[in-house]
Amino acid sequence: MSFLFNNYSRRPIHIVSGKGTVVKDDKGKEYLDFISGIAVVSLGHAHPAIVDIIKEQSEKLWHVSNLFESPEQEKLAETLTKDTQFSHAFFCNSGAEANEAAIKLARKHTGKHVIITFEQSFHGRTFGAMAATGQEKIKQGFGPMLESFRTVPFNDPAALIAAIDDDVAAIMLEVIQGEGGVHEITSEFADTIAEICKSKGILCIVDEVQTGVGRTGTRYAYEQTSLVPDIMTLAKGLGGGFPIGAMLGTAELFDAFGPGTHGTTFGGNPLAVSVAQTVVEHIFDCTFLEEVQRKSDYVIGKLQGILPTTYEVRGKGLLIGIDCKEDVTTFIREAEEAGLLVVQAGPSVIRLLPPLTVTVGEIDQAIGLLSSALQIPSTI
Ligand SMILES: *Cc1c(COP(=O)(O)O)cnc(C)c1O
């Protein structure tokens, strides 16, 4: 009997420690962690710079409330918005919360209520974020959804154009749908969204909770598209494992979030923000991002070299999906037994999300373990 609600299907492993890409369970067995807490532990486990900043800041101050000024939040907001169209940030504690803020800001600024979202998308589990999510299984059993989300097929310009009317406040999307199966936006579809938003004055919200902060090889994934978002949400990798979320917006939206319009008790506390500052400073270094890109090319090239042609490799940076076109539950279990942790994205896709600090040696090792789980010969 467990004292916990049964809302997760937990794997029967108790991980007790980690260093870099490697985690160890209570029996002393080691695993290569190609999940990294679902794209969270972006600098690897127990990164010395993060350990240091947690020690340092926790001895100084870890919470005071947003009743007071926060130079730490100012600095992080400045770093995150630098060289972008965004000019302001709001800090919270999770991806769903960041998306709730984005939805509220878009509705308040435009005075309109419809938000267009896409099939297979994932935006979180709270009522707004759940209604925004384009997957029926996430909504089942929870009664009437929050109205005014309009879900249309992803990468289908005609369907999107047909869904636009005068009530639309925003179009909200993931540049690469992570949970939904690692589906990338096509350049044609990005162009269509950019064009609609510009010509109709509709806001573009990118949910970069999974793709943001270096995961796809650039600071933000939208930078690799023609999209010019008005609002962006971040969480997962932002704190490198420390819980923090953020919503960034353009100057035009500033007035819609005046005092008292929105808030959260824990959001942006000095400890979380100092950790995120350290993470972001590491990742936004251009040689770090080039490395991520180089490792991405290496993994994708290797996988394409050894996988059967019926399999499809998708994704950018170190958000990679292998679509095996069949149920992958057994493969994932076998990889785990062999010492490699990977996670599913939809029934047929194995998702690889190693720490961005993963080494080429670890990549080779992981591909070796993966190919034996998939029962295909590997060249390594
Ligand atoms: C994980 C995820 C969320 C939800 O984040 P939580 O921190 O679990 O609330 C939202 N959007 C995307 C794209 C995600 O991958």
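Colleague: What makes Leu61, Val64, Leu67 and Phe68 a nonpolar patch on the surface?

Modeller: Patches take residues with over 30% relative accessible area and no salt bridge; nonpolar side chains (Val, Leu, Ile, Met, Phe, Trp, Tyr) are joined within 5 Å, like charges within 9 Å. Leu61, Val64, Leu67 and Phe68 form such a patch, with about 410 Å² of accessible area together. Areas are Shrake-Rupley values with a 1.4 Å probe; for residues, only the protein chains shown count as cover. This is a predicted model: local features need pLDDT of at least 70 and side-chain atom pairs pLDDT 80 or more, while totals for chains, interfaces and linings use all residues. Residues are numbered from 1 along each chain as its sequence is written, and side-chain values use heavy atoms, without hydrogens or water.

Colleague: Why does Phe68 count as exposed?

Modeller: Exposed means over 50% relative accessible area, buried under 20%, partly exposed in between (1.4 Å probe, protein chains only). Phe68 has 54%, so it counts as exposed. Phe68 sits in the loop between helix 2 (48–60) and helix 3 (71–81). Helices (H or I, at least four residues) and strands (E, at least two) are DSSP runs, numbered from the N terminus.

Colleague: Which residues of helix 3 are buried, and what covers them?

Modeller: Gln73, Leu76, Ala77, Thr79, Leu80 and Thr81 are the buried ones. Their cover includes strand 4 (88–92), strand 11, strand 12 (245–249) and helix 9 (270–283). Contact here is heavy atoms within 4.5 Å. Just after helix 3, Asp83 takes a positive phi of about 55 degrees.

Colleague: What makes the phi of Gln120 and of Val213 worth a remark?

Modeller: Most residues other than glycine have a negative phi. Gln120 is not a glycine, yet its phi is near 70 degrees. Gln120 lies in the loop between strand 5 (114–118) and helix 5 (127–132). Val213 lies in the loop between strand 10 (203–207) and strand 11 (231–234).

Colleague: Why is Glu291 with Arg294 called a salt bridge?

Modeller: The term asks for a side-chain nitrogen of Lys or Arg within 4 Å of a carboxyl oxygen of Asp or Glu. In this pair the closest N and O atoms are 3.0 Å apart. Both residues lie in helix 10 (residues 286–306), three residues apart, about one turn of the helix. Glu291, at 33%, counts as partly exposed. Arg294, at 48%, counts as partly exposed too.

Colleague: How many salt bridges does the whole structure hold?

Modeller: The search finds 12. One of them joins Arg314 to Glu312, with the closest N and O atoms 3.3 Å apart. Arg314 is at 10% relative accessibility, so it counts as buried. Glu312, at 34%, is partly exposed. Lys325 also forms a salt bridge with Glu312, at 3.2 Å between the closest N and O atoms. That pair links distant parts of the chain: Lys325 is in the loop between strand 14 and helix 11 (329–338), Glu312 in strand 13, 13 residues apart. Through shared partners, Glu312, Arg314, Asp323 and Lys325 join into one network.

Colleague: What makes strand 13 and strand 14 a pair?

Modeller: Two strands pair if DSSP finds at least two bridges between them. Strand 13 and strand 14 have five, in the antiparallel sense. Among them, Lys316 is bridged to Leu319. Their hairpin has two residues between the strands, and Gly317 takes a positive phi near 55 degrees there.

Colleague: Why are strand 1 and strand 15 called edges?

Modeller: Four strands form an open sheet in the order 1-2-3-15, with mixed pairing. Strand 1 (15–19) and strand 15 (340–341) each have a single partner strand, so one side of each lacks a neighbour in the sheet. Strand 3 (residues 30–33) pairs with strand 15 in the parallel sense over two bridges. Leu32 has Leu340 as its bridge partner in strand 15.
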